[in-house]
Every structure is written in structure tokens, then in C-alpha cells.
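Dear colleague,

I am handing over the structure below, and my notes on it follow directly after.

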Amino acid sequence: MVREEKMTHREDARARHEDAAHRARAHHEQTRHEDAQAHHHHTHAPASRHAHGHHLLQVEDLTVAFRMYDADEPYLTARQREARPIERLSISVHAGEIVAVVGASGSGKSLLADAVMGLFEPNATVMGRIWFDGEPMDAAALARVRGRGIALVPQSVASLDPLMKVGAFVRGAACGCGRARREDAARRTRRQRELFARYGLAPEVEDLYPHELSGGMARRVLLCCALMDAPRVIVADEPTPGLDLELAVRAMDDFRAFADAGGGVMLITHDIELALRVADRVAVFRDGTVVEETAVTNFAAPELLEHPFSRALWHALPEHGFAAGAGAGSAYASAGAPSRGGEAL
Amino acid sequence: MAKYILHNALRFLLLMVAVSVVVFTLVSLSPVDPVQANVGQAALLSMSPEKRAQLDAYWGVGTPLPERYLSWASALVQGDMGTSLRYNAPVAQVIAARAANSLALMAIAWVASGVIGFLLGVLAGVRRGSLVDKLVKSYCFVLAASPTFWIGLLFLMVFAVGLGWFPLGFSVPVGKAAADVTLLDALHHIALPAITLSVVGVANVALHTREKTIDVMESDYVRFARARGMTAWQVARRHGLRNLVLPAITLQFAQISEIFGGSVLVEQVFSYPGLGQAAVTAGLGGDVALLAGIALVSAALVFGGNLAANVLYGVVDPRMRRRGGAR
């Protein structure tokens with residue numbers, strides 16, 4: 001069992017947490033969420049909407065800390081120290097938009113996905129505030145909406161059980177017992193077939209095993225898993241590994257359709273070009289935090305960007321000649337310096 | 001399919017040849033003088049030279065190794081496993097008489113250690129770091145580090161001598177006519193050796209299963225299943241067990257050789273008349289035909305176990321069953 005209680009693991013921390021949550025919520029409710037207005041340190045894109053007057057998903061001051069032994073010290077005398085791969089990170093997802101979180105590989109972006117899903121490592125301490133659809137969430141609430149309100153689209157076919165037919169995997173576990181369970185199982189089968197039909201997967205695919213899927217089929221199967229329980233927000237963690245840009249952009253059409261239907265997508269990627277092509281807004285991730293959260297249109301010119309690192313990223317783009325202005329390329333690479341090896345790429 | 005069978009038959013044949021050559025070589029290198037071992041030091045000294053030469057010929061002393069091996073092997077090919085000089089009976093008959101005892105003992109220990117070890121391993125792996133995990137781990141480390149014969153002696157002292165719950169040894173009550181021995185008697189006598197063998201076997205199976213369970217519970221697909229809102233136990237039931245079946249099969253059949261090795265020691269400690277005890281007697285008495293016979297039977301058993309594991313793998317794992325299938 002993952003230690004979900006870690007989120008509020010100290011009593012005084014919990015008191016402070018709730019107090020801060022109340023104040024922040026009151027403050028948040030008073031904010032007028034008019035579209036295209038700068039607030040919460042971010043700017044909006046045309047697609048961004050505040051359904052019911054709040055963000056679909058909002059993360060404020062998220063910190064993920066690990067207690068670990070210092071690797072630089074001798075084995076027996078090493079002291080524990082605290083590593084904070086994510087520190088005071090804030091990001092929002094609106095209805096109708098794709099927000100890309102862009103950062104170097106191995107910089108801890110996947111931990112953001114885990115934290116939003118309420119999946120924590122046993123030795124992790126998670127602090128901060130998360131709202132989902134206007135409701136403040138604690139670890140138990142995040143566990144309740146896991147898969148149902150907020151769904152994860154993982155990176156690769158390794159996330160499918162190698163010994164289970166993909167149809168059964170997509171359907172997932174039926175709830176209830178006796179007759180209710182059979183009815184739920186039948187409902188899930190109908191839903192799975194409907195999703196397979198919608199995403200162009202032949203009916204025979206449900207009888208295949210993961211190793212028999214092509215890359216494109218596997219991606220669509222993973223998306224069907226996420227959509228099974230009709231979520232409002234999709235967190236996609238590097239969903240297009242190894243695809244060239246054109247194919248990756250096309251693979252993102254399904255996410256676009258989901259956003260257009262009123263959902264919100266948090267696309268976590270190391271690929272800035274992909275982010276600029278498909279996202280409505282871009283959150284630039286560096287050293288465990290989001291240094292700038294801005295509409296993708298602001299990447300048209302460096303003057304529109306606020307943070308020096310965002311500008312360095314702009315200069316490092318191929319169409320701007322990889323200009324190493326202010327050592328942009330190395331700056332991007334160095335974002336991965338406090339790497340925790342959390343990612344495959 | 002025919003190729004697979006032929007391939008395995010050839011491997012089995014090579015294994016048998018290798019095992020028997022090793023047995024014969026080891027016996028010929030052994031310092032044990034079979035005549036002295038079987039008639040005793042005192043009798044040997046007071047023996048006339050003619051008698052001595054006769055016995056040497058009977059036990060094959062002085063016959064070159066290749067010659068002995070070839071005559072034994074040619075007889076074996078015709079279905080004759082030779083004669084046990086120590087028991088003064090055909091080897092096949094000696095083995096058959098004792099195999100029932102040994103196989104019952106090993107089967108109980110094999111099933112018990114497999115089932116209990118698997119359950120404890122899964123429990124510890126799913127609840128990693130918890131009190132249950134620590135208890136299971138401590139048990140396994142202590143048991144895995146203790147010699148089997150020592151555990152046997154300990155159990156004998158506590159449960160047979162101290163508490164008097166179980167008999168001190170043998171497979172049937174001493175002094176009872178063979179016709180009067182009931183099944184209950186037999187079970188009463190097999191219990192303590194079987195428990196000893198199981199208790200030791202559990203440690204090995206549980207530790208391996210625990211590692212595999214942790215691997216599975218940390219895999220991407222379990223993580224994803226959790227991210228879809230399943231509880232830990234739902235995930236363990238739906239994905240955990242399914243993926244633990246393969247390593248469990250491998251482990252369970254690899255365990256056959258462990259159990260066999262353990263049974264030699266346990267039978268010795270409990271004076272339990274099985275194959276293990278016969279092997280020890282044959283080894284110490286220079287009874288090469290019986291030793292080779294037992295070695296062949298046990299090697300065949302282990303080979304059969306591994307072959308069964310391979311075949312079951314193909315049945316259970318779709319990646320092997322449908323290799324190169326629909327794409």
C-alpha cells in the first residue's frame with residue numbers, strides 16, 4: 001500500500017496545510033477568472049476556459065521531498081539528507097486546453113504526474129495544495145478520483161500487463177458483487193468496445209496480448225484505458241516516445257479531441273517542438289519548479305517571454321538556429337542536472 | 001514438436017551417461033575399501049588370503065574402472081541395473097522398495113513448502129516493510145542459514161524426546177508385524193521428517209517469491225493499474241498472481257533437487273528408510289551399482305521436473321505460446 005497519509009503526515013503540518021488551504025481557497029474564489037487575463041502567475045490561451053468559474057485542475061506550491069542517504073559520503077557514515085526534486089511548483093489546467101509541461105529528461109517531471117495522481121513513494125513527503133474541479137484535494141480525495149476524475153496515460157506498452165489480453169486490461173476490475181458485479185462487467189465491456197471502435201481499434205485487438213500490438217495500437221489502447229471511466233483531466237506522461245515530430249503531432253489529435261470536448265490535458269514532455277505544435281499553453285519546468293506558465297503564442301518572440309530560461313529555450317529551437325545565446329543548449333541540459341533517474345529517456 | 005522431443009531425449013541420455021561416469025569415477029577414487037567396510041576390520045585381519053581374493057573379486061576390487069563401467073552399462077542397456085552387494089538384492093528391487101517411502105516424504109514436503117512458501121512470499125512482498133514482512137524475512141533468513149540435519153535434530157529433541165508427540169525414527173512402529181501397520185502409523189512416522197523438510201524448504205520458496213512479488217508490484221503495469229484507481233489487493237489479484245505464476249512454476253520444479261538433497265540428510269537423522277538413506281549406505285559401503293542406480297533415478301526425477309517446468313511455461317505464457325502470431 002502506498003503511504004497516502006504522507007501527504008499530511010505531521011499534525012502541525014496538517015493544521016498549517018488546512019489553514020493555508022482555506023485562505024488560498026477563499027482568495028481563489030474571489031479571483032475573477034476572466035479568460036485571457038493574467039492571474040495565478042499564468043496567461044491564458046484562446047482555448048482555456050474556466051468552467052463553473054474555476055480551474056479544472058490547479059496545483060499550488062507542490063513540493064515532493066525524499067529522505068535519502070548522501071551518496072557522496074562514505075557508506076557507513078553517510079547522513080540522511082532531503083532531496084527536493086519538485087519544489088514549490090504551481091500549474092493550472094483549464095477546461096478545453098492542452099498544457100504542456102516541458103523540461104529536460106530525468107528532471108523529475110514524472111513525479112509531478114505521480115503527485116497529481118496521488119501515487120507517492122513510501123519515502124516521499126508531499127506538500128502543497130491541489131484543487132480538482134474547484135474542490136481542495138487531500139491524498140484520500142486524490143485516490144478517489146484516480147482513474148475516474150484524473151486519468152494517466154503512461155509512456156509505453158510496458159504499462160500493460162504482459163500476460164493479460166488487452167481487452168480485459170482496458171476493461172479493468174468490475175465493482176460490486178453478485179449481480180451488480182456482472183452488470184458492471186457488462187457495462188465495462190460495452191464501454192471498452194465503444195472506445196475501441198471510436199479509436200479505430202479492430203474488435204480482434206481485444207484478444208491480443210501486449211507484445212502483439214504495434215506501437216500505434218499500443219498508444220491507442222493506453223488512451224482507451226485512461227478514458228474508460230470518463231475522466232475530466234488526462235495527465236499524459238511522455239505519451240509519444242520515439243516518434244518523429246510529425247507522427248507525434250498526429251498522435252496528439254486524440255488528446256486535442258478530448259480537450260475540445262471539455263476535458264483538460266496535462267502533457268508532460270521533454271520535446272519543446274511538440275509542445276509548441278500541439279499545446280495551448282506551455283509550462284517551462286526547471287530545477288523542480290515551473291519557471292513560467294504562458295500561452296503558446298508568447299513563444300512567437302523572446303520579448304513576450306518573462307523568464308530568462310524560457311528565452312534561452314526559445315533561442316535553442318532549431319528554427320532560431322540553435323543559437324547558443326547565453327548558453328541556451330547547455331542551460332536546457334543542465335535543467336536535468338539534479339536528475340533522479342525517474343524517467344526512461 | 002518431433003525435434004523438441006528428440007532434442008530432449010538426447011539431452012536426457014547425455015545426462016544419464018555423465019551422471020553414471022561421475023559416480024563410477026568418484027567411487028573408484030574413494031578411499032573406502034568395500035571389503036573392509038562390509039566385513040569389518042577384525043574379520044578382514046583374520047581372513048585367509050584365498051577368502052580375501054574371493055571377496056575382492058565379488059566387490060570388484062582391482063578391476064579397472066573402464067571395464068567395470070562398461071560391464072555395468074551394457075547390463076543397464078538390457079534393463080539390468082545390477083545387484084546391490086550391500087543389500088544382496090537387485091538394485092531395481094531395492095530402489096522400488098524404498099522409493100515409496102521417499103517419494104511420499106518428498107511429495108508432502110514439496111507441496112507444503114511450495115504452497116506455504118508462495119503464500120508467505122506474496123504476503124511479505126505486497127506488504128513490503130511491514131511487520132508481516134519483517135517476520136517472514138526473519139524466519140526465512142534463520143531457516144535458510146540453518147543446516148537441515150541440525151533442524152532435524154532440534155525437532156527430534158523437542159517434539160520426539162521432549163514432548164513425545166512423534167516417534168523417534170523409522171517409517172513404521174518397531175516390533176510390529178508389517179501386516180498390522182496402519183495408515184495412521186505410517187502418517188505418524190512420516191510427520192516429523194516431512195515437517196522438517198517443509199520448514200526448511202519454505203524459506204527458500206518464500207524469499208524468492210517475495211523478491212518476484214516486489215518486482216511485479218513495482219512494475220509499470222502495476223503502477224498504471226494503481227493509477228487507474230484499483231486498490232493494492234485488486235491489483236495483486238488481477239495482475240500480481242498472473243505474473244507470479246511463471247516464476248512460481250520455475251521455482252517449484254527447481255525445488256525438486258533441493259528437496260531431494262534435503263531428504264538424504266533428513267532420512268539419515270530420522271533413520272527413515274528411504275532412497276536418501278540407501279544412498280548414504282551405498283556410498284559408505286562402496287556399493288557402486290546401488291549408488292549409480294539411485295543417482296540415475298534422482299537425476300531423472302530432477303530432469304523430469306525441469307522439463308515439466310519448460311512445457312508448462314509454453315502453456316501459461318502467451319509470449320511463448322503465440323510467438324510470431326497475429327500482428
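**Notes on chains B and A**

In chain B, helix α8 is followed by B:Gly164, whose phi is positive, near 70°; helices (H or I, at least four residues) and strands (E, at least two) are DSSP runs, numbered from the N terminus. Please bear in mind that this is a predicted model, in which local features need pLDDT of at least 70 and side-chain atom pairs count only at pLDDT 80 or more, while totals for chains, interfaces and linings use all residues. Residues are numbered from 1 along each chain as its sequence is written, and chains are lettered from A and ligands numbered from 1 in the order in which they are written.

The buried residues of α8(B), which covers residues 148–162, are B:Thr148, B:Ile151, B:Gly152 and B:Phe155, where buried stands for 20 or more other C-beta atoms within 10 Å of a residue's own, exposed for 12 or fewer and partly exposed for anything in between, with C-beta atoms placed from the backbone. These buried residues pack against α9 (183–217) and α11 (232–269) of chain B, contact being taken as C-beta atoms, placed from the backbone, within 7 Å.

In chain A, A:Leu160 lies in the loop between β6 and α4 (166–171), and A:Leu160 counts as buried because it has 26 C-beta neighbours inside 10 Å. Leaving out residues up to four places away in sequence, A:Leu160 touches A:Val166, A:Phe169, A:Pro210, A:Val221 and B:Tyr221. From A:Leu160 to A:Val221 the separation is 61 residues in sequence and 9.1 Å in space, C-alpha to C-alpha.

Kind regards

Key:
The expected span of a helix is 1.5 Å times one less than its number of residues. Two residues are in contact if their C-beta atoms, placed from the backbone, lie within 7 Å.
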